[in-house]
Amino acid sequence: MNWITNYVRPKISSLLAPREVPENLWIKCPETGEMVFHKDLEANQWVIPSSGFHMRIRAKDRLASFFDDGAYDLIDLPKAPVDPLKFRDSKRYTDRLKEYRAKAEMDDAVMAAKGSIAGLPIVATVQDFAFMGGSLGMAAGEAIVRSFEVAIAEKRPMVLFAASGGARMQEGILSLMQLPRTTVAVEMLKEAGLPYIVVLTNPTAGGVSASYAMLGDVHIAEPGAVIGFAGARVIEQTIREKLPEGFQRAEYLMAHGMVDMVVHRHELKAKIATLLSLLTRTPLATDAGRLRQAAEGADAASHAEPVA
């Protein structure tokens, strides 16, 4: 046995070999180019600490940060037909679905759950842009309609986080049919007298912005979110005019009355809880309220007569 060949040389080679670094270990801020450590960004709800740029956030991370103590119950969603049109472009639609399901770890672009914020029971529905651009197909439409049905049955307010490029072209007219279906679901919720709050995230476009995403009682947008029906480039080419600076951004839309408020992601939960408390006339179970109730209970106990 040659110890130089079998031991020394492999040891030197391992020291000199380039180390493999995960591709997502550092993430670049799209605005400033600053490199941010992945774990720091995740802990900050995917908001760049220095610039305040709001990165896209996965549906499961959104739900975990939104509900009290990160606790929620997923709603069982109905199954939808897969590839009813037998669609194929450069590859089969079924193959695309398999890829996205494996990569995004979701069955489709929508997650729906029920839980509470500040003690108020609600239903929250989140579109995940990581699954085919959050596109609205039959499965996503069924999920949204189902979440409205649960909210109505259990008399819970509805909060929807929209993030989508529009209808899913691989499902053709069947995808477009989800627009009136979800619109009817919104009307059913309003007839039941339940609040509906929409949070518009980056981006919210296409048929989604022409249906349930713009039918809320209150519309909140995250900072810098692109919101609109057609893309800015398409509009410029159509009207042959230069669009204003920041056109279709959340701040521009709020200034022109299309959005009620622009709220930082860190403040969304508190703002939505306050709005729901006002709309439902229900007091919030805040930490101060719980401490006050505990103090009142202790005071009552101290003045209670001892039981013989």
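Trainee: How many aromatic pairs does a search of the whole structure find?
Mentor: The search finds seven aromatic pairs. A pair here means rings of Phe, Tyr or Trp (its six-membered ring) with centres within 6.5 Å; planes under 30 degrees apart are stacked, over 60 edge-to-face, and the rest tilted.

Trainee: Why is the pair of F66 and F67 called edge-to-face?
Mentor: Their ring centres are 5.8 Å apart and their planes stand at 65°, so the pair is edge-to-face. Keep in mind that this is a predicted model, where local features need pLDDT of at least 70 and side-chain atom pairs count only at pLDDT 80 or more, while totals for chains, interfaces and linings use all residues. Residues are numbered from 1 along each chain as its sequence is written, and side-chain values use heavy atoms, with hydrogens and water left out.

Trainee: What makes F66 and F161 an edge-to-face pair?
Mentor: The centres are 5.1 Å apart and the planes 85° apart, against the limits for pairing and for edge-to-face. This pair links distant parts of the chain: F66 belongs to helix 3 (residues 59–66) and F161 to strand 6 (residues 158–164), 95 residues apart. Helices (H or I, at least four residues) and strands (E, at least two) are DSSP runs, numbered from the N terminus.

Trainee: Which residues do ring pairs link into a cluster with F66?
Mentor: The cluster holds F66, F67, Y72 and F161.

Trainee: How do you know whether F66 and F67 are buried or exposed?
Mentor: By relative accessible area with a 1.4 Å probe, protein chains only: under 20% is buried, over 50% exposed, and in between partly exposed. F66 is at 4% relative accessibility, so F66 counts as buried. F67 is at 1%, so F67 is buried too. F161 is likewise buried.

Trainee: And what about H38 and A285, buried or partly exposed?
Mentor: H38, which lies in helix 2 (residues 38–43), is at 16% and therefore counts as buried. A285 sits in the loop between helix 11 (268–280) and helix 12 (287–303). At 31% relative accessibility, A285 counts as partly exposed. In space, A285 is 5.2 Å from A118, C-alpha to C-alpha, although 167 residues separate them in sequence.

Trainee: How do you know that the span of helix 5 agrees with its number of residues?
Mentor: The expected span is 1.5 Å times one less than the number of residues. Helix 5 (residues 138–153) has 16 residues and should span 22 Å; its end C-alpha atoms are 22 Å apart, which agrees. After helix 5 comes K155, with a positive phi near 55°.

Trainee: What covers the buried residues of helix 5?
Mentor: Contact means heavy atoms within 4.5 Å. The cover includes strand 4 (110–117), strand 5 (120–127), strand 6, helix 6 (172–176), helix 7 (178–191) and strand 7 (196–204). Among the buried residues of helix 5 are M138, I144 and F148.

Trainee: What makes strand 7 mostly covered?
Mentor: Eight of its nine residues are buried.

Trainee: How many bridges join strand 7 to strand 6 and to strand 8?
Mentor: Two strands pair if DSSP finds at least two bridges between them. Strand 6 and strand 7 run parallel with six bridges, and S164 stands opposite T204 in strand 7. Strand 7 and strand 8 (residues 218–221) run parallel with four bridges; V199 has I220 in strand 8 as its bridge partner.

Trainee: Why do strand 3 and strand 9 stand at the edges of the sheet?
Mentor: The sheet is open, with seven strands in the order 3-4-5-6-7-8-9 and mixed pairing. Strand 3 (72–74) and strand 9 (261–262) each have a single partner strand, so one side of each is left without a neighbour in the sheet. Strand 3 pairs with strand 4 in the antiparallel sense over three bridges, and L74 stands opposite A113 in strand 4.

Trainee: Which elements make up the protein chain as a whole?
Mentor: The protein chain has 12 helices and nine strands, and buried residues make up 39% of its 308 residues.
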